[in-house]
Amino acid sequence: MGAILVFLLITGGLFADSIPRGEDRARRAELRKSLDGVMVLFGANESEDLHNGFFQDTNFLYLSDWREPGAVMMLTPKEEILFLPQRNPAREIFTGRKLGPEDEDGAERTGFDKVLPTYAIETNFLRLLGSSKRIYTIPDDADAKKLKPFGGFHEQESAAPLIAKLRMIKSPAEIEAISRATDITVGAHLAAWSIIKPGLREFEVAATMTNSYLAKGCERSAYAPIVGSGPNSVTLHYSANRRRMDSGEVLLMDVAAECADYATD
């Protein structure tokens, strides 16, 4: 058993992407069967805050496997379009090169048959509205709210339940990805156990755990690490992780990894 666990922990960090290419396209095809209109989904934008890296909106990622900012997806029963922002060479000096709508390999790299610039969203939305009964968006999305005036005579529905229904059933690759994140998290807890002793600070335990799974290729923590000693152990979402631990105290560790976009708890 120990040898198997070690093997999993060693090999777990070697794969950047855990879901086979094309599975996202199959998800879109299944979703489009349930549509009676046009669905518009907005991906995450790049933050101006250097404390936070870019992470794609989870629904958008699930349906596109696209990890660059500013993208928009438009789906109907017959069409699927990915809109990308124009490249900004000055900004790319700081953030790295992005795929632009003018790049010839856009369809191959994104898996969408049609890749257009984001300035074409309005014209294509109006075109698709002509044969659509409903408009599906994520209601709380600020960008989606800007489309409402264009569809005043169409029924408005939330896209969230339709996407959630798909996400509830995990493919074999997704199950494997969640298992991998779990195995790597187990390894992080074992690493923490090996260094725990009186006098350490809570953050030293948290750092040991996060370093363990970051070293295996995981992008981030599934949630803010909770390492609570003594009186902090009964605070459900304690995350300051500053206290000095003393002998004989309870130590609670609620820490888990997110690997290749799949988390464990």
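Tutor: The structure holds one cavity of 30 Å³ or more. This is a predicted model: local features need pLDDT of at least 70, side-chain atom pairs count only at pLDDT 80 or more, and totals for chains, interfaces and linings use all residues. Residues are numbered from 1 along each chain as its sequence is written, and side-chain values use heavy atoms, with hydrogens and water left out.

Student: What makes a space a cavity, and what makes it a pocket?

Tutor: On a 1 Å grid over the protein atoms alone, a cavity is a set of points where a 1.4 Å probe fits but cannot get out. A pocket is an open set with protein on both sides within 12 Å along at least five of seven lines. Lining residues have an atom within 4 Å of a point.

Student: Which residues line the largest cavity?

Tutor: They are F125, I135, T137, A144, L147, K148 and Q156. About 30 Å³ of space lies inside. A volume is the space filled by probe spheres set on the points, which are joined across faces, edges and corners.

Student: What is the volume of the largest pocket?

Tutor: The volume is about 550 Å³. The lining of this pocket has 30 residues, and L61, E258, A260, D261 and Y262 lie nearest its centre.

Student: How many residues are in the largest nonpolar core, and what makes it a core?

Tutor: The core has 20 residues. A nonpolar core is a set of buried Ala, Val, Leu, Ile, Met, Phe, Trp, Tyr and Cys residues joined through side-chain atoms within 4.5 Å. Buried means under 20% relative accessible area, exposed over 50%, partly exposed in between (1.4 Å probe, protein chains only). M39 and L41 touch the most other members. Another core lies apart from this one, with 16 residues, including I184 and L200.

Student: Why is the pair C218 and C259 called a disulfide?

Tutor: A disulfide is a pair of cysteine sulfur atoms within 2.5 Å. From S to S, C218 and C259 are 2.1 Å apart, so the pair meets the rule. The count by this rule is one disulfide.

Student: Why is it right-handed?

Tutor: The torsion about the S-S bond of C218 and C259 is about 75°, so the disulfide is right-handed. C218 lies in the loop between α10 (202–214) and β7 (220–221), and C259 in strand β10 (residues 257–259), so the bond ties together parts 41 residues apart in sequence. Helices (H or I, at least four residues) and strands (E, at least two) are DSSP runs, numbered from the N terminus.

Student: Are these cysteines buried or exposed?

Tutor: Both C218 and C259 are buried.
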